[in-house]
Amino acid sequence: MDAHKKMEQLLRKYVSGTCTPDERVQVEQWYRHLDQQGELPSMEQMENDLAEVRQQLPAKPERRLASWYRYAAAAAVIAVMAIGVYVYFFQSEQRGTGSEVAATSMPDDLPPGGNRAILQLADGTEIVLDERPDGTVAQEGQHAIYKHADGELVYQPEASEADGDAPVFNRLQTPRGGQYHLVLPDGTHVWLNAASTLTYAISGTTQERLVQLDGEAYFEVARDADRPFRVTTRGQVVEVLGTHFNVNGYADEPLVRTTLVEGAVKVSAGTDQRPVVLAPGEQALGAAGSPLKVRKVDVTQAVAWKNGKFNFNDSDVPTVMRELSRWYDVDIVFEGEKPNMTLSGEVYRNTNASNVLDILAFYDLDCRIVNQQGVKQIIVRKKQP
């Protein structure tokens, strides 16, 4: 049974009210995606198509199905008929044909990550932010540090700093399964992804604003023509005056990727390498010490994590699994050879891991969650024909 037939059966089960809770989540996420993209047909058209689908069903749908669900089902069926199931769900360029959907065994589900981080002050004091109430969490020199709702940490200068003051460095670290939003004293906003560390100076008397990143972060830099803003990560330096950009510098990724959303940045990869200047919609990528390459990209994929989504575009399976590992705080184990396929699609990050793995199962990936002596793992293998 091919992927199109699998999804068509799932949608018909949704209309008839016989799908499982996990299957319902998949359909409803797809519906929300279509709604946000403005791809839903009119209400009248949905009602007409829903009536046609009902006439074809062998069993009568449940009468008490809520109107929102009916519209979601109708929109999903129309999308299958008109443009195929590949708008939202993962697809594989090399998926098998003629195989049944792989069943996933998940004795322990994994909740999504959340707003979790540890703040380290200049004297080494560590503050676990998710354990502290909203309000003032520390005083660092002339700056009060506030924790706001929804995972935001804000530095508020309370007095001017004297010329010649030595820089004071703080560090914000997110664990696997964590993320945080930081507002630096100059007004720069930084969104820190899971398993990432940002070290930054909070003194305003230096000639530059320098931060060190390990992991991934999205920056909205406050403009200051007198003090350039520089991000260093894995041997590369990104220099800006005021702009929006994303830097992915995880140690377990083969390349460092800097993606420009707005403004302009200069990216350097060592003293012996020629720097490159990016325009919006461009991405610089390269390993430490190697020449940088520039390419045009869809910036929505690079910043999807900041907007609460996984977004994969022809991503190989190991790349997808590394991102899931960081967000769900879980180890990934491949059984046999790593699957040689690419995946494309979009899934909301605020869902349990089992819902994401269920989608992967439609394309002949057998993924299951196990607990090995208190260590949770996702076991991944290519389903055999």
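Modeller: Let us begin with Thr188, which lies in the loop between strand E9 (178-183) and E10. Please keep in mind throughout that this is a predicted model.

Biologist: Is Thr188 buried or exposed?

Modeller: The general idea is to look at the relative accessible area, where a value under 20% means buried. Thr188 has a relative accessible area of 0%, and therefore it is buried.

Biologist: Which residues does Thr188 touch, leaving aside those up to four places away in sequence?

Modeller: With those set aside, Thr188 touches Leu182, Val183, Arg209, Glu220, Val221, Ala222 and Phe229.

Biologist: How do strands come together in a sheet, and in which sense can they pair?

Modeller: Strands of a sheet pair through backbone hydrogen bonds, and the pairing is either parallel or antiparallel. Here, strand E8 (residues 169-174) and E11 run antiparallel and are joined by six bridges, with Gln173 having Thr197 in E11 as its bridge partner. E11 also pairs with E12 in the antiparallel sense, over four bridges, and on that side the bridge partner of Thr197 is Asp214 in E12.

Biologist: What is the order of the strands in the sheet that contains E22?

Modeller: The order is E22-E25-E24, an open sheet of three strands with mixed pairing. Strand E22 (331-334) and strand E24 (365-372) stand at the edges with a single partner strand each, so one side of each is left without a neighbour in the sheet. From one strand to the next, the twist averages 25°. E22 and strand E25 (residues 375-382) pair in the parallel sense over four bridges, and Asp331 stands opposite Gln377 in E25.

Biologist: Which helix packs on this sheet and touches E22, E24 and E25?

Modeller: Helix H6 (residues 317-328) packs on the sheet and touches those three strands, and its direction makes about 150° with that of E22. Helix H7 lies across E24 and E25, running at about 150° to E24.

Biologist: How many residues of helix H7 (residues 353-361) are buried?

Modeller: Nine of the nine residues are buried, so H7 is largely enclosed by the rest of the structure. Among the buried residues of H7 are Ser354, Asn355 and Asp358, as well as Val356, Leu357 and Ile359.

Biologist: How many aromatic pairs does the count come to?

Modeller: The rule is that two rings pair if their centres lie within 6.5 Å, and that planes under 30 degrees apart count as stacked. By this rule the count comes to six aromatic pairs. Phe219 and Phe245 form a stacked pair, with 5.0 Å centre to centre and 15° between the planes. This pair links distant parts of the chain, for Phe219 is in strand E12 (residues 209-220) and Phe245 in strand E15 (residues 244-249), 26 residues apart. Phe219 is buried at 0% relative accessibility, and Phe245 is buried with a relative accessible area of 0%. The rings of Phe310 and Phe312 have their centres 6.1 Å apart and their planes at 10°, so this pair is stacked, and both Phe310 and Phe312 are buried.

Biologist: Which residues form one aromatic cluster with Phe219?

Modeller: Phe229 and Phe245 form one aromatic cluster with Phe219.

Biologist: How many helices and strands does the protein chain have?

Modeller: The protein chain has seven helices and 25 strands, and buried residues make up 48% of its 385 residues. Of the contacts with a separation of 6 or more, 58% are between residues 24 or more positions apart.

Methods: Residues are numbered from 1 along each chain as its sequence is written. This is a predicted model: local features need pLDDT of at least 70, side-chain atom pairs count only at pLDDT 80 or more; totals for chains, interfaces and linings use all residues. Side-chain values use heavy atoms; hydrogens and water are left out. Buried means under 20% relative accessible area, exposed over 50%, partly exposed in between (1.4 Å probe, protein chains only). Helices (H or I, at least four residues) and strands (E, at least two) are DSSP runs, numbered from the N terminus. Two strands pair if DSSP finds at least two bridges between them. Axes are lines fitted to C-alpha atoms, for helices over the stretch in contact, and angles run from 0 to 180 degrees between N-to-C directions. Contact means heavy atoms within 4.5 Å. Rings of Phe, Tyr and Trp (its six-membered ring) pair if their centres lie within 6.5 Å; planes under 30 degrees apart count as stacked, over 60 as edge-to-face and the rest as tilted.
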